[in-house]
Amino acid sequence: MVLSLQGCMAVGKTTAVRYLQDHAPYVNISYEVNTDIIEEVKRRHLNKNKYEDYLEIQKLWLHKEVMRYHTAQRFPCSVMDFGAEEIEFYTLNYPRTIGQDWEVESMLHSELEAVRKCMPARILFLDASDEVLRKHRKSDSTRSRTFFEHHMKYLLPLKRQWFIGKENVDVLYVDNLSIDEVGEKVKKWVDLCIGKY
């Protein structure tokens, strides 16, 4: 079974996944590692704000996500720090956030179809107020998060609309929760999914 944690930048997904790693050894953790794609994009001098380049970049991401899913499937239960649902959402919606109406679905049809076969059984969407997200971002000096404001202003409203309310999506609001409390609730959700499925 593959499960996924979703949400905004700085909401606490990676911290929650680390909690699982420490407290749920029966779960395989699949971190979102993107340095190889970033290096390839730099090497090829691709610009995500140019249509043809964007298509090439997303082909790399979509292919990587399929490979990552197949690795996760080798375990009885894997939890993804973002899964295939994230790359599908981003691929289709990022152009809108920069004011472009690019044709993406038909141009990446086979890649999108492949990634749609890699969707998690359930998704836990971690959500928080803008104030809490900004506070988390400010307190995390380990990441630059240069894309944060764009994400908050343009992508997050689309993301909430895309995910919240879907049949296989559960929501956890983290505003008044400590790091450990978020971890405990995520673990409880994982255990419930394991018990049910």
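Helices (H or I, at least four residues) and strands (E, at least two) are DSSP runs here, numbered from the N terminus. The model you are looking at is predicted, so local features need pLDDT of at least 70 and side-chain atom pairs count only at pLDDT 80 or more, while totals for chains, interfaces and linings use all residues. Residues are numbered from 1 along each chain as its sequence is written, and side-chain values use heavy atoms, with hydrogens and water left out.

Let us start at the surface, with strand S5 (residues 169-173), where Val-171 has its place. Val-171 is partly exposed, at a relative accessible area of 33%; buried means under 20%, exposed over 50%, and partly exposed in between (1.4 Å probe, protein chains only). Together with Ile-164 and Tyr-173, Val-171 makes a nonpolar surface patch of about 260 Å². Such patches take residues with over 30% relative accessible area and no salt bridge, joining nonpolar side chains (Val, Leu, Ile, Met, Phe, Trp, Tyr) within 5 Å and like charges within 9 Å. A salt bridge puts a side-chain nitrogen of Lys or Arg within 4 Å of a carboxyl oxygen of Asp or Glu, and accessible areas come from the Shrake-Rupley method with a 1.4 Å probe, with only the protein chains shown counting as cover for residues.

Now step inside. A nonpolar core is a set of buried Ala, Val, Leu, Ile, Met, Phe, Trp, Tyr and Cys residues joined through side-chain atoms within 4.5 Å. The largest one has 31 residues, of which Tyr-54, Leu-62, Tyr-90, Leu-108, Val-115 and Phe-163 touch the most other members. At least two residues each come from helices H2 (35-43), H3 (51-72), H4 (84-97), H5 (109-116) and H7 (148-163), and from strand S4 (122-127). H3 gives the largest share, eight residues. A second, separate core holds 28 residues, including Leu-3, Val-11, Phe-148 and Leu-172.

What about the cysteines? The structure holds zero disulfides, a disulfide being a pair of cysteine sulfur atoms within 2.5 Å. Cys-118 is in none, and the nearest cysteine sulfur, that of Cys-77, is 16 Å away. Cys-118 is buried at 2% relative accessibility, and Cys-193 is buried at 4%.

Ala-10, between strand S1 (2-7) and helix H1 (13-23), has a positive phi near 75° and is buried at 8% relative accessibility. His-45, in the loop between H2 and H3, has a positive phi near 55°, but is exposed, with a relative accessible area of 69%.
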